[in-house]
Every structure is written in C-alpha cells, then in structure tokens.
Amino acid sequence: MAEQGHFPLVAIDPVANAQNEWVALSLRLAPGADLPQRLQAVFAGADLLTAIAPLDCLLHLDGPEALTVPVLTLLPPNRIGLVIKSEALASGGAARQLAELHAGGYRIWLDGDVPEGAKAPAALRSAARDCRAHHDAALAPGRLVSLFGPHLAHGVDDARRFSDCENAGFDWFSGDYSLDPDAAPAPDDDGSSRRRILTLLGLLARDADSRELEDQIRQDPALAYHLLKLVNSAAFAVSTQVTSFAQAITVLGRRQLQRWLQLLLYARQQPDGLPNLLLPLAARRGAQLESLSRQAGGERDAQDLAFMTGVFSLLDRLLHMPMAAIADELYLPEHVAAALVERRGRLGAWLRLTEAHPTESALEAAGVSPAAWWNSQLHAYHWAIQVGRNV
C-alpha cells in the first residue's frame, strides 16, 4: 500500500462490455514532464495489478514518450493496454515507437482520428474514441467492422450514446451512461425483491429474531438464490456448503448480512437479465467510504455507516425516487441522511470525492491525503470486482 506521503493522483474508470460486465479499468494521470516518475510510483509495487486482478489496466496517454525503459520494465504486456491519442502520430518517432511496443506484446488503441498527413502502423487496428470530445461527430453503423477489436468508446455518458457506439462497432465502454435513467432497470422489473430487501434491512435495524428474517427470505426465490449463491462463493471461502437460510444467516453474521442485502438491492431482478452496472459502482463507493473512515480512525460502527452511505448513494438512480424520500423511508441516521441528500458533513465530503476524479485541493479540503485516497481506491476496486463476479 502507498505510504502516507505524497502520491500521484490517478483517475480510474471501469470499462464494461455490452453485457454490462467489467473487463478492464482505465487509468489516467495528468500530463507533465514528470509523468515517467509518477508512472513508476504507481506501478512500482504489486499492489495495483494484484488488487484489480483478473482485470487489466488500460493506460491513457497523450503519446508514447512517457514510456521510458524504466517505466516499461514495470508494465507487463499481458496486463497493460495502451490507449494513445492519434494526434501523437504527427510526431515523426511516435509511429515507430508504437510499432515497437506492439511488437513487444502491448495491446495498443489509437484514440481518435489519425492526423492529416500522418500514417498509423498497419499493425495497430484497435480504435478508441472520446465521446465527450467528439459528442457531435456521427457514428456510422458498422464503421469498425473491418478493424480488429475490441474497440473502446470512452466518455459515454448516456444511454443513447451507448447505443450509437455499440451500433458503430465498439465493444468496450466507459463513462456515466450507467447513471442515465434510461439505462435500467427493465420495464418488467416490479421491484418486489427490492421491497423485500428494504423490509429485511428494517428488521435487521431493530435486531429482529432470525426466524423473522428467514420468513422474509423464503418468500422471495430470487433473493434466496442470490443469498445462497453469495455465501457459497469465493468471497466467503466457507469450508462447507451452505444449504439453508438459517445457516446462511449464521455464517454471514448480521453485520455482513446487512451489507450484502444493501448490495443486493442492485442485483439483476430477472435470472436471464443483464447485470446491473450500478451494482459494482455502489460496491466501489461503499468500500471506498469504509476505507476512508478506517484510515481516519473510525470505529467499526462508523465504518459500517460509511459503507452504507456509499452503497445507498445510487438508490435514487435505481429506484427513480428523490433521495430525500428514500432517506425518510429508511429512517437513516441524521448525518447519513445529510450526506446522501445534501452531501453535507464528513461523509458527504467523502462521497463527493467518489463521484468525480478529485484534485489535490479537493482532497485537502476533505482532509484526505493523496496516499490515503490511493489506498482507498485500491481497496474499493478490489472489492467491487469481487462483488461484480459473485452477485
């Protein structure tokens, strides 16, 4: 883990395929003359690639010049993909260096249109596109069919743009499109499982008898399936198979049961439906707020409430309800409700950080060091990846 000194800021975004499964994480660092040194600081230890396994990194760069020999020794070609802006090809040596990197086993995406008068190496046939920078550009259906994929569309911020990019032949996507109300859930989702989960969370809050919990779980086959699947997954590594709800409650413990129920609010409601992209996002926010609370010296109860705040922060998107109404229905502690509804207080400040790529000044205002932020990112993405694979 990073030492509690200065650490480079790294913007991390999940990359998903058309089946709503995370396939990689995009990493961006601010450009600058010291970029090679910052890249070495990020990749010097095994923490990053170990934390996000089995996913790989897509490293976004303006050009290949930051990929010095000391940097490349830290970037295993089987785990690192390079997304390079096509404008770099205007420089005479960039095409040759990219061809050499490709020959050395690195997967390379050319981001954007090749500059007039420049030529891309013939071997580089995977495309990327920044949809925020080219939001008015037409995406012709099938325009990428003749190229080798997977092709990456990033900055995809709504469901319509996602559809346009998919029709154009892009395979991988990143951006805020999962937050678009038009993206999910499906019209045939009646929300019954979610109502049952909210009832269970209420029972747990008042320390109800285990039999009451069992009765609620038994009434919902989908919820029962998800719960037993979770308990028997690699996330818990139990020595014997769990086959009953009473056993599941005992194995999980009430704290863990409460956490998994919070996350199961985001689980797919239909067995044959696509995964809900809000699930790993909620898991990441919850785990990151929990980590920040722990690093700030928070007690176990404070960490639990921080986790809850992060997970619940997307319920307004999921349930299509105002957050204030949700907070009232759940009888949340006052400081948790303030964080969720108005982003007030310490939890609210931390939550704002997880909703964007914070600057050093934003971290300082929230009382978070760059190293603490990096450690919380690693913890959060590691856990979100595991959750996404098990729910």
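Which helices and strands each supply at least two residues of the lining of the largest pocket? The views below, taken from a predicted model, take up this question and then turn to a pair of helices.

**View 1. Secondary structure elements around the largest pocket of the predicted model.** The strands β1 (11-17), β2 (22-28), β3 (56-61) and β4 (80-85), together with the helices α10 (278-295) and α17 (370-390), each supply at least two residues of the lining. Strand β1 gives five residues, which is the largest share of the lining. Both domain 1 (10-179) and domain 2 (189-390) take part, with at least three lining residues drawn from each of them.

**View 2. The space within the largest pocket and the residues closest to its centre.** The largest pocket holds about 950 Å³ of space, and of the 47 residues that line this pocket, A11, D13, R28, R132 and H357 are the closest to its centre. By residue class, the lining of the largest pocket is made up of 20 nonpolar, 13 polar and 14 charged residues.

**View 3. The packing of helix α14 against helix α15.** Helix α14 (residues 334-342) packs with helix α15 (residues 345-354) at an angle of about 35°, and the axes of the two helices lie 8 Å apart. The crossing in which α14 passes α15 is right-handed.

**View 4. Residues in the contact of α14 with α15.** From α14, the residues H335, V336, A339 and L340 meet L347, G348 and L351 of α15. Five of the residues in this contact are nonpolar and two are polar, while none is charged.

Notes:
Residues numbered from 1 in each chain as written. Predicted model: local features only at pLDDT ≥ 70, side-chain atom pairs only at ≥ 80, totals over all residues. Heavy atoms only, no water. Axes fitted to C-alpha atoms, helices over the stretch in contact; angles between N-to-C directions. Helix = DSSP H or I, 4+ residues; strand = E, 2+ residues; numbered from the N terminus. Left-handed = near helix turned anticlockwise from the far one by under 90°. Contact = heavy atoms within 4.5 Å. Nonpolar A, V, L, I, M, F, W, Y, C, P; charged D, E, K, R; others polar. 1 Å grid on protein atoms, 1.4 Å probe; cavity = no way out; pocket = protein on both sides within 12 Å on 5 of 7 lines; lining within 4 Å. Points joined across faces, edges and corners; volume = space filled by probe spheres on them. Domains from an automatic or database assignment.
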